[in-house]
Amino acid sequence: MPGGSGRSSGRRVRILDSTAMILGFTESLGGRLITSGKILEESKYGGAEYRALASREGRMVEIMNPDQEYVEEVRRLAAEAGEKELSEADISILALALQLLKEKYEVSIITSDYSIQNLASLLGVEVEPILHRGIKKVIIWATYCGICGWSGDKRPREPCPVCGHPLKRRPMKKP
Ligand SMILES: [Zn+2]
């Protein structure tokens, strides 16, 4: 993406998914950092535990929840796209991205999740992938973590390298 020169940096927002929250992916990024309440629940950083993380990173992550109309819009689009892997938390950050985009913010989602990336591209929302470099074309199976969203080159049922839960496997869709 070209630099967006001339726009106020106050309009730049980055939305963190649960993996970005768990990894503390908040350093060295400009703009406001935002996540949703549902992502916090999913990343198990509710309440005091979460605030400890935020202060350790030295930056605050704002918590915003999308308006219901945007949640409905994302649900509708997900159904149309046949995207069934999205959790309520995933939908909440996609809806938030859509809402902030319509409010003329410069929005990107920081995620490693394939389904989030896929739907974000349909919504016209920029994605900054972590762990992965975008969507891979030829992988038939993807191993992923249902808890933190990690995915990568491991066998199903091995412990997740991020959070230790047993990994799952799912077929990759062809983009
Ligand atoms: Zn995990």
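Predicted model: local features only at pLDDT ≥ 70, side-chain atom pairs only at ≥ 80, totals over all residues.
Student: Where do I start with the fold? What is the order of the elements from the N terminus on?

Tutor: Start with the inventory. The protein has 6 helices and 8 strands. From the N terminus on, they run β-α-β-α-α-β-α-α-β-α-β-β-β-β. Of the 175 residues, 38% are buried. Then ask how far contacts reach along the chain. Among contacts between residues at least 6 apart in sequence, 57% join residues at least 24 apart.

Student: Now a helix. Which residues of α4 are buried?

Tutor: An α-helix has 3.6 residues a turn, so residues three or four places apart point the same way. Now the case. In α4, the buried residues are Tyr-70, Val-74 and Ala-78. They cover an arc of only 75° around the axis, which puts them on the same side of α4.

Student: What lies on the other side of α4? And what covers the buried residues?

Tutor: On the other side, Gln-68, Glu-69, Arg-76, Ala-79 and Glu-80 are exposed. The cover over the buried residues includes α5 (88-102) and α6 (114-123).

Student: How do I check the length of α4, residues 68-80?

Tutor: At 1.5 Å a residue, the 13 residues of α4 should span 18 Å. The C-alpha atoms at its ends are 18 Å apart, which agrees. Look just past the helix too. Gly-82 follows α4, and its phi is positive, near 70°.

Student: On to the strands. In which sense do β1 and β2 pair?

Tutor: Look for direction, then for partners. β1 (residues 12-16) and β2 (residues 32-35) pair in the parallel sense, over 3 bridges. Arg-14 has Leu-33 of β2 as its bridge partner. β2 also pairs with β3 (residues 62-63), again in the parallel sense, over 2 bridges. There, Ile-34 stands opposite Glu-62 in β3.

Student: And side chains along a strand?

Tutor: In a regular strand the side chains alternate between the two faces of the sheet.

Student: How many bridges join β4 to β5?

Tutor: 4 bridges join β4 (residues 106-111) to β5 (residues 126-129), and the two strands run parallel. Ser-108 has Glu-126 of β5 as its bridge partner. Then trace the connection. The chain goes from β4 through α6 to β5, a right-handed β-α-β crossover.

Student: Last, a single residue. Where does Cys-163 lie, and why does it count as partly exposed?

Tutor: Cys-163 sits in the loop between β7 (151-152) and β8 (168-171). It counts as partly exposed because it has 16 C-beta neighbours inside 10 Å; a buried residue needs 20 or more. Leaving aside neighbours within four places in sequence, Cys-163 is in contact with Ile-22, Cys-145, Ile-147 and Cys-148. Cys-163 and Gly-149 are 14 residues apart in sequence and 9.7 Å apart in space, C-alpha to C-alpha.

Conventions
Residues numbered from 1 in each chain as written. Expected span 1.5 Å × (residues − 1). Buried ≥ 20, exposed ≤ 12 C-beta atoms within 10 Å, placed from the backbone. Arc of directions from axis to C-beta. Contact = placed C-beta atoms within 7 Å. Pairing = 2+ DSSP bridges. Right-handed = clockwise from strand over helix to strand, strands pointing away.
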